[in-house]
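Please look over the structure below before reading on, and keep it in view while you follow the report.

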Amino acid sequence: RVQTLEAKLQGKRTSSARKLRSARWLNREDDRAISALYLDRYLNYGLTQEELSSDKPIIGIAQSGSDLAPCNRHHLELAHRVREGIRSAGGIAVEFPTHPIQESTRRPTATLDRNLSYLSLVELLSSYPFDGVVLLTGCDKTTPACLMAAATINLPAICLNVGPMLNGYDKRELIGSGTVVWKARELHASGDIDDKGVLDMVSRGTLSAGHCNTMGTASTMNALAEALGMALPGSAAIPAPYRERGQMAYKTGLQIVEMVWSGRRPSDIMTKQAFENAIAANTAIGGSTNAPIHLNAIAKHVGVDLDLDDWEKVGFELPLLLNLQPAGKYLGEDYFRAGGLPAIMAELLNNGKLPHPDAVICNGKTVRANVEGKQSWDRDVVYPFSEPMISNAGFLHLKGNLFNSAIMKTSVISKAFREAFLSDPKDPDAFEAKVAVFDGPEDYNRRIEEADVDERTILVMRGAGPLGYPGAAEVVNMTAPGALLRKGLKYTLPCIGDGRQSGTSGSPSILNASPEAAENGNLAILKDGDRLRVDLKQRSVNMLLPDSEIEARRTQLMKDGGYKIVPSQTPWQDIFRREVGPLSEGMVFPASTKFRNIAEK
Ligand code: FES
Ligand code: MG
């Protein structure tokens with residue numbers, strides 16, 4: 001395969017009359033001195049004039065790994081193999097750092113930096129002499145930031161995931177990075193483990209280099225990059241330390257050079273069809289509730305119309321096929337050995353449920369050609385389409401008088417929760433319950449133990465959206481009070497909020513509610529003890545309050561100057577709040593979405 005690709009590249013190089021984009025900097029016929037200036041500093045680390053001024057594409061390697069970003073840190077190693085691939089295919093590799101986004105450490109929340117990393121990458125790719133770029137992805141927001149930039153720039157681009165870390169164990173039990181945090185928090189709240197126990201348990205879930213090995217946002221977004229066609233088939237799921245990961249890095253380096261000569265750009269790959277394939281894949285893998293935010297953002301930047309109704313239309317009725325935590329029991333290594341994403345795409349394809357098998361991906365072939373004949377040998381990890389883990393496993397798009405738009409991932413609703421909340425034979429898809437309302441995570445932590453919460457309470461978190469908690473906090477997954485847990489509560493209480501939820505948590509939650517409280521949406525007028533009706537069949541969430549009461553509360557809210565938010569702590573938080581749109585629209589900066597095809601200009 002490598003030889004064919006190299007032979008192909010040879011042909012392209014000699015036959016291509018097209019000038020490389022980098023020639024505008026490095027090979028200017030109108031001004032040799034300026035070209036010399038552009039290239040001279042790249043000589044001082046050993047590149048030669050011949051390399052830089054000849055017909056060799058300059059390929060950026062957008063390095064997202066560093067000591068500050070440990071999930072992606074293994075890319076410092078993998079980049080060597082990417083370079084070798086680029087070099088073998090006749091390109092010149094130029095590696096540069098991207099703005100780090102470490103999900104687990106960045107305060108107040110890592111999503112705040114998705115748009116910052118996006119903007120800085122757009123600037124770098126547009127203003128330096130790149131002909132193509134390898135985007136090194138991994139930890140949650142690093143992948144969407146890269147794909148958003150690729151969409152805006154429209155320079156040939158391909159993603160390489162860092163890969164999930166190895167499986168973690170607590171004695172013989174599998175414990176997943178990410179999900180273990182929520183489990184340890186519950187055991188700590190119920191008094192089963194002490195402070196040191198929490199630290200030990202969480203560390204045992206983090207066994208090696210790589211990103212979270214559960215189907216959190218990292219595994220989700222990298223699977224979706226592959227499903228979109230922006231990464232090589234089979235590349236997303238390879239665990240970080242496996243030899244296949246380095247081999248994939250090499251192949252990715254080869255491929256990007258081919259993409260440059262073929263002129264295959266993000267807008268050729270990330271079409272509406274590709275997004276619909278990705279939505280279908282997201283249901284089948286049990287993808288994170290952050291996926292709609294990020295995929296809708298990428299779509300906005302590439303100019304594809306995509307909204308939350310598309311998510312429900314394309315994705316809701318598809319089944320969950322992958323038995324991975326948090327919806328299931330296995331972890332990243334099992335997923336890879338069972339065939340990874342191609343095995344899952346093949347299940348959809350063979351059952352006529354892959355919406356667009358003829359979409360063309362980064363390697364120039366159709367999805368069908370890439371996944372045909374793939375099959376999982378481990379049916380406890382990748383379920384057959386005919387006997388799925390869960391049917392109708394996609395997201396519901398909910399509306400009502402509490403918000404205009406929110407999503408719910410139904411595949412993580414437990415049996416115990418269904419029995420407690422959704423078992424009225426006359427009305428099996430709906431429940432009514434009172435609420436306990438918290439204004440941000442600090443308020444929740446301060447008051448949860450004293451709040452009026454019983455086994456039929458909906459926990460509401462507000463002030464946690466893009467404006468309220470700049471960047472939108474991952475805090476809507478709330479744990480019941482310790483006293484209730486000690487009484488043996490068998491399920492997670494339902495949560496509703498204008499913030500996000502970690503892709504690694506498994507609560508039955510209604511998330512990303514827009515408009516958020518900080519925009520004076522109706523979440524802002526909700527009070528402790530109010531009752532809500534959640535009707536999954538009607539796709540609605542409504543406050544059981546008379547319209548006159550809603551009106552009166554709204555008037556009072558506005559008279560009081562609107563919902564109170566904490567002041568911005570940094571210049572970026574302030575800029576972010578001025579520019580950002582709602583979660584339902586991908587939390588992009590609307591002003592940035594009018595820029596397209598920058599690389600061509
Ligand atoms: Fe980086 Fe989970 S914290 S992938
Ligand atoms: Mg996360």
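The report goes from confidence to overall form, and then to some local details.

## Confidence in the model

This is a predicted model, and the protein averages a pLDDT of 94, with 96% of the residues scoring at least 70. For the complex, the predictor gives an ipTM of 0.90 and a pTM of 0.95.

Where pLDDT is low, the predicted coordinates should not be read in detail.

## Overall form

The secondary structure of the protein comes to 23 helices and 14 strands. Its radius of gyration is 24 Å, close to the 25 Å that the globule rule gives for 601 residues, so the protein is as compact as a globular protein of that length. Taken along the principal axes, the box that the C-alpha atoms fill is roughly 75 × 55 × 45 Å.

Buried residues make up 56% of the 601 residues. Among contacts with a separation of 6 or more, 78% are between residues 24 or more positions apart in the chain.

## An annotated span

An unreviewed UniProt entry places the feature "domain: Dihydroxy-acid/6-phosphogluconate dehydratase N-terminal" at residues 56–369. In the model this span is 48% helix and 9% strand, and its end C-alpha atoms lie 30 Å apart.

## Two crossing helices

How do helix α13 (residues 272–285) and helix α17 (residues 340–350) cross, and at what angle? Their axes come within 10 Å and cross at roughly 105°, which means that α13 is roughly perpendicular to α17. On the side of α13 the contact is made by Ala 280, Ala 281, Ala 284 and Ile 285, while α17 contributes Leu 341, Ile 344, Met 345, Glu 347 and Leu 348.

## Details of the backbone

A cis peptide bond, with omega about 0°, joins Arg 107 and Pro 108, and Pro 108 is found in the loop between β2 and α6. A cis peptide bond also joins Gln 325 and Pro 326, where omega is about 5°; Pro 326 is found in the loop between α15 and α16.

Asn 154, a residue other than glycine, has a positive phi near 60° and is found in the loop between α7 and β4. Because Asn 154 has 23 C-beta neighbours inside 10 Å, it counts as buried. Met 587, also a residue other than glycine, has a positive phi near 55° and is found in the segment after α23. With 26 C-beta neighbours inside 10 Å, Met 587 counts as buried.

Terms used
Residues numbered from 1 in each chain as written. Chains lettered and ligands numbered in written order. Predicted model: local features only at pLDDT ≥ 70, side-chain atom pairs only at ≥ 80, totals over all residues. pLDDT = per-residue confidence, 0-100. UniProt positions renumbered as here; feature names shortened; annotations may be inferred. Helix = DSSP H or I, 4+ residues; strand = E, 2+ residues; numbered from the N terminus. Rg over C-alpha atoms; globule rule 2.2 N^0.38 Å. Buried ≥ 20, exposed ≤ 12 C-beta atoms within 10 Å, placed from the backbone. Contact = placed C-beta atoms within 7 Å. Axes fitted to C-alpha atoms, helices over the stretch in contact; angles between N-to-C directions. Parallel < 35°, antiparallel > 145°, perpendicular 65-115°, else oblique.
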